[in-house]
Amino acid sequence: MKKDLYQRFLSYAFWLLGRRAYSKSEIIKKLQLKAKKLKLEEGQAGDIKERVVSRLEELNYINDAKILENYFEYRLPARPAGKYIFLNEMRRRGIDVGAAKTAWDSRRIDEEKLAEEFIAGKIERFKSLDLQKRKKRIAGLLARRGFSTDTVWSVLGKI
């Protein structure tokens, strides 16, 4: 029975990871929900969850450092966002905020350039507005995308 549960949880984890990359924390939460759904007691499911997570780490299927790396390589260029959004998303995904801050800072990302590139694609929709209203809308857009106040003011100064 215990071997069967382990295999069931491992198969479920593989299925999840086949859909998208999950952090260690996210996988643990998903396995806890699965255990709750199967009405397993914490003691019974706890050992199995630990074994599944350690096996996934051993196989390098869950790797929080790789999630950070992929964010900078794929997600940031496709959907530019500021440091605040990045840190919030990493915190939400259960990745250590200190590691996320270090990863952001080590990359020396020019937030101002990122914001300018983001706005360049959106500026057409604001052309018909007067300057005051245009700046207000752009400031709101940048703030919602997680750019710092300094970055927002800097970009607005160039409009």
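# Helices, salt bridges and cores of a predicted model

At 53% relative accessibility, K158 lies above the 50% cut-off and therefore counts as exposed.

## Charged pairs

K158 forms a salt bridge with E116, with 2.6 Å between the closest N and O atoms. The two partners come from distant parts of the chain: K158 lies in the segment after α9 (149–157), whereas E116 lies in helix α7 (residues 111–120), 42 residues apart. E116 is partly exposed, with a relative accessible area of 31%.

A network of salt bridges with shared partners joins R20, E26 and R93.

An α-helix has 3.6 residues a turn, so residues three or four places apart point the same way. E58 is exposed, with a relative accessible area of 59%, while R55, at 30%, counts as partly exposed. In total, the model holds 10 salt bridges.

The accessibility of selected residues is set out below.

| Residue | Relative accessible area | Class |
|---|---|---|
| E58 | 59% | exposed |
| K158 | 53% | exposed |
| E116 | 31% | partly exposed |
| R55 | 30% | partly exposed |
| G46 | 12% | buried |
| T151 | 7% | buried |

## Helix α2

Helix α2 has 14 residues and reaches 20 Å from its first C-alpha to its last, close to the 20 Å expected at 1.5 Å a residue. Which residues of α2 are buried? They are E26, I27, L31, K34 and A35. The helix is followed by K39, whose phi is positive, near 60°.

In soluble globular proteins, nonpolar side chains tend to be buried together. In this model the largest nonpolar core has 28 residues, and F86 and L142 have the most contacts inside it. Helices α4 (64–78), α5, α6, α7, α8 (131–144) and α9 each supply at least two residues of this core. The greatest contribution, five residues, comes from α4. Leaving aside residues up to four places away in sequence, F86 touches L68, Y71, F72, A100 and W104. A second, separate core has 19 residues, including F9, L16, Y22 and V52.

T151 lies in helix α9. With a relative accessible area of 7%, T151 falls under the 20% cut-off and so is buried. Not counting residues up to four places away in sequence, T151 touches E111, E112 and A115. T151 and L56 are 95 residues apart in sequence, and their C-alpha atoms are 40 Å apart in space.

G46 is found in helix α3. G46 is likewise buried, at a relative accessible area of 12%. Its C-alpha atom is separated by 35 Å from that of E73, 27 residues apart along the chain.

## The chain as a whole

The protein has nine helices and zero strands, in the sequence order α-α-α-α-α-α-α-α-α. Its radius of gyration is 21 Å, well over the 15 Å that the globule rule gives for 159 residues, so the protein is more spread out than a compact globule. Along the principal axes, its C-alpha trace spans about 70 × 30 × 25 Å.

How many of the 159 residues count as buried? The share is 39%. Among contacts with a separation of 6 or more, 64% are between residues 24 or more positions apart. The protein exposes about 10100 Å², of which carbon and sulfur atoms supply 49%.

How values were computed. Residues numbered from 1 in each chain as written. Predicted model: local features only at pLDDT ≥ 70, side-chain atom pairs only at ≥ 80, totals over all residues. Heavy atoms only, no water. Salt bridge = Lys/Arg side-chain N within 4 Å of Asp/Glu carboxyl O. Buried < 20%, exposed > 50% of the residue type's maximum accessible area, 1.4 Å probe, protein only. Helix = DSSP H or I, 4+ residues; strand = E, 2+ residues; numbered from the N terminus. Expected span 1.5 Å × (residues − 1). Core = buried A, V, L, I, M, F, W, Y, C linked by side-chain atoms within 4.5 Å. Contact = heavy atoms within 4.5 Å. Rg over C-alpha atoms; globule rule 2.2 N^0.38 Å. Areas by Shrake-Rupley, 256 points an atom, 1.4 Å probe, with all protein chains shown as cover.
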